[in-house]
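I am opening a notebook page on this structure. I will take it piece by piece and write down what I look up.

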Amino acid sequence: MKRAFLVLILAWAMTGMASAQSVRDFWLAMPDSVLTAVNRSMRAELVAAKAPAMKTEVKNVLEGTTVLDTLTSDFMAVHISGASTMQIRRLAYKDDTIFCVVRTYMGPVADSNVSLYDKMWAPMDMKHIYDGKCIKCVKKSLVEKPDTMTQQRFEEVRAMLDPMLVRATLSAADATITFTGSVDMLNNEEKKAVGAIFVKKTFKWDGEIFKKVI
């Protein structure tokens with residue numbers, strides 16, 4: 001019975017590949033090359049598990065556990081493994097639909113990759129998607145000198161940001177994305193100093209680009 005249900009889900013995924021509208025459709029239409037740890041049948045089982053009294057996790061290709069945290073028509077959050085997560089947000093784009101995908105890797109601090117795709121999983125241009133700026137500019141903006149800090153001390157602390165990693169988080173409530181900085185291999189005192197110069201940046205999708213909120 002369960003196998004027959006999964007076959008029906010897979011058939012739906014194949015017919016919906018050319019017209020994925022919901023996050024669920026988009027997830028099922030994902031090429032296996034995008035997420036090698038979770039193949040098509042596993043992805044189908046995972047979203048089928050959101051039905052009442054069914055599990056919300058599957059064993060993935062790597063013999064680990066993939067857990068579905070949240071699934072709505074507009075948003076999805078999945079723990080691919082203990083070291084990586086994926087978030088998907090459906091976005092209105094002109095008269096169509098596109099999707100923002102955030103892959104975050106923990107190694108041991110978070111480092112994210114943000115991509116935009118059309119309904120067929122074709123990558124979209126993101127050069128100036130953040131209020132007219134590129135991701136490198138957003139990364140630089142996550143560091144600011146507090147009024148209470150001298151310029152010399154600011155330069156000393158900023159020198160600790162090598163390499164500086166960036167975590168991106170999509171909101172489950174609306175079409176916003178928030179960026180925060182992180183740095184690996186620091187002691188507690190250095191982490192406190194770095195935390196004083198890190199700021200969050202939030203952008204909200206306006207139909208064409210992400211506009212800065214804060």
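Which residue takes a positive phi in the hairpin of strand 4 and strand 5? I looked it up, bearing in mind that this is a predicted model. Lys 94 is the residue, with phi near 55°. Two residues lie between the strands in that hairpin.

**Entry: strand 4 and its neighbours**

I stayed with the strands on either side of this turn. Strand 5 covers residues 96-106 and pairs with strand 4 in the antiparallel sense. I noted 10 bridges for that pair. One of the partners I checked was that of Tyr 93, which is Asp 96 in strand 5.

Next I turned to strand 3, residues 75-81. Strand 3 also runs antiparallel to strand 4, with six bridges between them. His 79 has Thr 85 of strand 4 as its bridge partner.

Is strand 4 largely enclosed or open? I checked burial along residues 84-93. Seven of the 10 residues are buried, so strand 4 is largely enclosed by the rest of the structure.

**Entry: helix 3**

I asked the burial question of helix 3, residues 40-48, as well. Seven of its nine residues are buried, and I wrote the helix down as mostly covered. The buried residues are Met 42, Arg 43, Ala 44, Glu 45, Leu 46, Val 47 and Ala 48. I marked Arg 43 and Glu 45 on that list, since both count as charged.

**Entry: Lys 201**

I went to Lys 201 next and placed it in strand 9, residues 201-205. Is this lysine buried or exposed? Its relative accessible area is 11%. The cut-off for buried is under 20%, so Lys 201 is buried. What does its side chain contact? I found a polar contact with the side chain of Glu 144, at 3.3 Å.

**Entry: the largest pocket**

I finished with the largest pocket. Its space comes to about 300 Å³. I listed 17 lining residues. Nearest the centre are Ser 112, Asn 113, Val 114, Ile 135 and Val 166. Which of them gives the largest share? Strand 6 does, with four residues.

I sorted the lining by class last. I have 11 nonpolar, two polar and four charged residues on the page.

Note on methods. Residues numbered from 1 in each chain as written. Predicted model: local features only at pLDDT ≥ 70, side-chain atom pairs only at ≥ 80, totals over all residues. Heavy atoms only, no water. Buried < 20%, exposed > 50% of the residue type's maximum accessible area, 1.4 Å probe, protein only. Pairing = 2+ DSSP bridges. 1 Å grid on protein atoms, 1.4 Å probe; cavity = no way out; pocket = protein on both sides within 12 Å on 5 of 7 lines; lining within 4 Å. Points joined across faces, edges and corners; volume = space filled by probe spheres on them. Polar contact = N/O pair within 3.5 Å; in protein donor to acceptor, adjacent residues only side chain to side chain.
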